[in-house]
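This note collects points for a colleague who is examining the coordinates. Please read the points alongside the display below.

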Amino acid sequence: MPRSLAGDLTDPEMAQPYMKKDDDDDEEIEYSPFFGIEKGAVLQEARAFHDPQLDARRCSQVITKLLYLLNQGETFTKVEATEVFFAVTKLFQSKDAGLRRLVYLMIKELSPSSDEVIIVTSSLMKDMNSKTDMYRANAIRVLCRIIDGTLLTQIERYLKQAIVDKNPVVASAALVSGIHLLQANPEIVKRWSKEVQEAVQSRAALVQFHGLCLLHQIRQNDRLAVSKMVSGLTKGSVRSPLAQCLLIRYTSQVIRESSMNTQNGDRPFFDYLESCLRHKSEMVILEAARKIAEMDVTSRELAPAITVLQLFLTSSKPVLRFAAVRTLNKVAMTRPLAVTNCNVDLESLVSDQNRSIATLAITTLLKTGNESSVDRLMKQITNFMSDIADEFKIVVVEAIRALCLKFPLKYRSMMNFLSNSLREEGSFEYKKAIVDSIVTLISEIPDAKETGLLYLCEFIEDCEFTYLSSQILHLLGNEGPRTSDPSRYIRYIYNRVILENANVRASAVSTLAKFGALVDTLKPRIFVLLRRCLFDTDDEVRDRATLYLQTLDGEVALGNTEKDVNEFLFGSFDVPLANLEASLRTYEPSEEPFDISFVSREVKPQPLQEKKGPGKKQLAGAPSPATVSAVDAYQKMLSSIPEFSGFGRLFKSSESVELTEAETEYSVNVVKHIYKGHIVLQYNCTNTIPEQLLENVIVYVDATDAEEFSEVCSKHLRSLPYDSPGQIFVAFEKPENVPATGKFSNVLKFIVKEVDTSTGEVDEDGVEDEYHIEDLEIVSADYMLRVAVSNFRNAWENMDPESERVDEYGLGVRESLAEAVSAVISILGMQPCEGTEVVPKNARSHTCLLSGVFIGDVKVLVRLSFGLSGPKEVAMKLAVRSDDPEVSDKIHEIVASG
Amino acid sequence: MGEFSKESCPSVKNILLLDSEGKRVAVKYFSDDWSTNASKLTFEKSVFTKTLKTNARSEAEVTLFDGYIVVYKFIQDLHFFVVAGDDENELIIANVLQGFSDSVGLLLRGDVEKRTALENLDMILLCIDEIIDGGIILETDANIIAGKVASNAVDGSAPFSEQTISQALATAREHFARSLLK
């Protein structure tokens, strides 16, 4: 029954603008009862609320307009909001139910301040005790939304009653309000446990749902209570599907926590979850299947969950298909074999109308597919790719990359697919995903290298993205000279010099030079090309060409051999840029030139990013400047102390190690500074007793368990007042470049003087005292800098294979593979590369790549292969390459003794 | 706007009712993920564009977008959306959407289109208010939701208990029609 047109409208604000327009074109203008509405005018109309003879209909209409404005994003000023709020409170005098309901809504929208709340409290409390259930339920929701703790205690009694009210709407309103109130007033809401427990037994579906939710929130920190609650309810008194879903969540939580505590793997509630797979409501089945799939269960236990999800795949409802394929996709990430049974159904979903479902189906198939199905799958995908959005394409490309790494023999068809995708139109992100995938495949699959490089060459012939062109040119420079026929790439590279913008031209010049340096037969021809670049319009391009021509030709002497020249021009730049930046900032112009070798090469370990909520994803940022400059600050501070200035360059400073328990009288931590032939121990001491002043504080270090170290000097603290930290230094000599280890026991010795805290006066007489602090160890990892390499494989191959030392170790029974991996990483103190420190869940074996610089500036690369043999028995193969074979041996010694 | 751990309670991030051009008819946000009106409008625009070309008329459709589950359905020139976090059970969210679109259908007596929806905006807003309270699902049964909204809109003269729901709805609509056009 659509209502009348403009002619019937008598309200002037609403009708007139429409009427005017109506004259010119009535087809164009869209009818809206709120057309041309204005905040000012509506606020004027709201004065009708003050009318002693309230017109309920008119008032409803005005409130609706106000709500409309708020809904459209209009905001009221503080004054306007207060004015409207007071006007609205007048409407409690009307008996009209519809109007009252809008008043409730309006109060919630206005979220009044606490002094305004008082005005409506009594009206709302009256409604809360009204005979009309609808008033009671809504008044509870409004009141609980706007009150604070003190008012809450006044109405607590009514709320407790409402929770067990026989009207389900009232009970639900009170329970939901309880859930909200729990955040700010937990101590009050927790007192309602008894009533909430009663509500959980309610026959009304939603009361049970809300009751269960609140009960769990009240008890969530009490593991035993949650476990008891779950075991009571799983026996079967929960009726509504929503409440069942909650119970499934809580049950799986209990299972998770109990399996962490008990080693026997007993799952007391697993039967309940499994029974939910046979529930009549789909949402319950899904919830149960999903929770089972997330658990660490056997294939046999997982199978029934997979079966119900498989049934969902053929449902006529898109939401059901989506839910099932999304869950299977997740399972396929860790347990692809469990999902293979669904492959036929998944394949039919590739043509699903809903592109989200199709993409999930494809990526699942790419994970579960076997070697023989790859070709067919690639054909299917090709048809599918043409009509999906770029963001879906990126997901597919990434899945293909993973599949290709799994079945390297099939690289041809997948490489082919990727290169075809490169030719099509696409956004930067999409193209970048493809290029990244090809680059990964080139570095991982040796056979794919030459085809891959040629595909990339073709791509840069017609590539609009400078970033990608430069990246590819750089890769060509590294990989191209080592292929069977390097000359075939030259044409593509030189075309860039002719056709592209300055950035790409400069990259191309560098790439050409690399070919010239590494391939002797090409050298003369490259020189011809480089000479042409000397006339480029861009100075960066000209400068690069000049530099390369001069150095490669031997006209400018750089070191002694050709190797030195190549190292200078193309050697890896292993100084982290953030560190370099920080050092340059602190450099003060002086006679002494800036020396890059003084820049710390240590990569600061990134604190693990906390998992952020959806939509707030953050990239791991660069190391914070604070930590970088801390390294520089150490170097500066130490070199300013005359005793230590002769020690040379600071090789490494450790993280601080606490030598006292938290909250003791004196707190001491130590930082280990490592030099070539010395170490300096920096004790940071804090006096936490206000009534004491410490004087002549020294650390007596006993180095009898550290034979290779001999103390050379120490710097004591003249005085250590309350709460102002001071430093004590003790320096030791040790054999140069030798990673000497040892244990030091420490005693803090000082004179204590009493302080009158009220006057600050210090007692003249002091008493000698000493304070034992914990021992300190210098371990081999202290001599290792965490330095990353950008391309581990390249770096590995560039190291002398003669320096390689391989051995196998049994690590015994470990908690998990991941635990074993991180233990070995911390023993070695090296930087994990390419994310290999992360062990996939359920993995039976893992390879971890590490790099670092050992004292004496020796580069070290480590390849660790872990495997599980028998239950929790971890074995490890350790391969080390380094600039110095002795250091390779040393690494093995470290591991053997760790 | 409180946010809850998903572990303990299914929650809805927002409910959107847009027209066929992506303009707001009625929206309600229950999450702090969108703090300004501008960010809300941007979100609505991208949800609208991403789903525009799909056929969500006979069955509710679903997509994963920007870390959110979006379940949606189109009726005439109205686009109904319910949005939740990406680890939410999509069938629960679909259930909410169904409660929303069906109850709007009941309240508008099958005449589900933008114009009627705007004419009965108070009912639409009350309807949303009865479905979700601060992110928590309050009710998903369309008959109950519509009943609650309609009972409020009835004139004090006719006691609601003596009417069937459809009668109540008829009264409610007529009442509102009169009130708006008076």
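1. In what order do the four strands of the open sheet of chain A lie? The order is β7-β5-β9-β10, and the strands pair in the antiparallel sense. The edges are formed by β7 (717-720) and β10 (762-778) of chain A, each of which pairs on one side only. From one strand to the next, the twist averages 25°. The model is a predicted one, and the remarks that follow should be read accordingly.

2. Within this sheet, β9 (residues 742-755) of chain A runs antiparallel to β10(A), and 12 bridges join the two strands. Strands of a sheet pair through backbone hydrogen bonds, either parallel or antiparallel.

3. A further strand of chain A deserves attention for its burial. Strand β4 (residues 678-687) of chain A has 10 of its 10 residues buried, so the strand is largely enclosed by the rest of the structure. In a regular strand the side chains alternate between the two faces of the sheet. In β4(A), A:H678, A:V680, A:Q682, A:N684 and A:T686 point one way, while A:I679, A:L681, A:Y683, A:C685 and A:N687 point the other way. The residues of both sets are buried.

4. The partners of β4(A) can be listed as follows. Strand β3 (residues 666-674) of chain A pairs with β4(A) in the antiparallel sense over nine bridges, and a hairpin of three residues joins β3(A) to β4(A). Here A:V668 has A:C685 of β4(A) as its bridge partner. Strand β8 (residues 726-733) of chain A also runs antiparallel to β4(A), joined to it by eight bridges. In that pairing, A:H678 stands opposite A:E733 of β8(A).

5. Helix α13 (residues 223-233) of chain A has A:A225, A:V226, A:M229, A:V230 and A:L233 as its buried residues. Seen down the axis of α13(A), these residues fall within an arc of 135°, so they line one face of the helix. On the other side of α13(A), A:L224 and A:K228 are exposed. An α-helix has 3.6 residues a turn, so residues three or four places apart point the same way.

6. The structure holds 23 aromatic pairs over all chains. One of them is the tilted pair of B:F43 and B:F65, at 5.8 Å centre to centre with 40° between the planes. This pair links distant parts of the chain: B:F43 lies in helix α1 (residues 37-52) of chain B and B:F65 in strand β3 (residues 61-65) of chain B, 22 residues apart. B:F43 is buried, at a relative accessible area of 3%, and B:F65 counts as buried at 8% relative accessibility.

7. Why is the pair of B:F43 and B:Y68 edge-to-face? The ring centres are 5.7 Å apart and the planes stand at 80°, so the pair takes that class. B:Y68 lies in strand β4 (residues 68-75) of chain B, 25 residues from B:F43, and B:Y68 is buried, as is B:F43. B:Y29, B:W34, B:F43, B:F65 and B:Y68 form one aromatic cluster.

8. On confidence, the model scores ipTM 0.85 and pTM 0.64. Chain B has a mean pLDDT of 84, with 79% of its residues reaching 70 or more. Among the elements of chain B, strand β5 (residues 78-85) has the highest mean pLDDT (96) and helix α6 (residues 165-181) the lowest (61). Over residues 153-163 of chain B the pLDDT is below 50, and this stretch has 18 contacts in the model beyond near neighbours in sequence.

Conventions. Residues are numbered from 1 along each chain as its sequence is written. Chains are lettered from A and ligands numbered from 1 in the order in which they are written. Side-chain values use heavy atoms; hydrogens and water are left out. Two strands pair if DSSP finds at least two bridges between them. Axes are lines fitted to C-alpha atoms, for helices over the stretch in contact, and angles run from 0 to 180 degrees between N-to-C directions. Buried means under 20% relative accessible area, exposed over 50%, partly exposed in between (1.4 Å probe, protein chains only). pLDDT is the predictor's confidence in each residue, from 0 to 100. Contact means heavy atoms within 4.5 Å. The arc is that of the directions from the helix axis to the C-beta atoms. Rings of Phe, Tyr and Trp (its six-membered ring) pair if their centres lie within 6.5 Å; planes under 30 degrees apart count as stacked, over 60 as edge-to-face and the rest as tilted.
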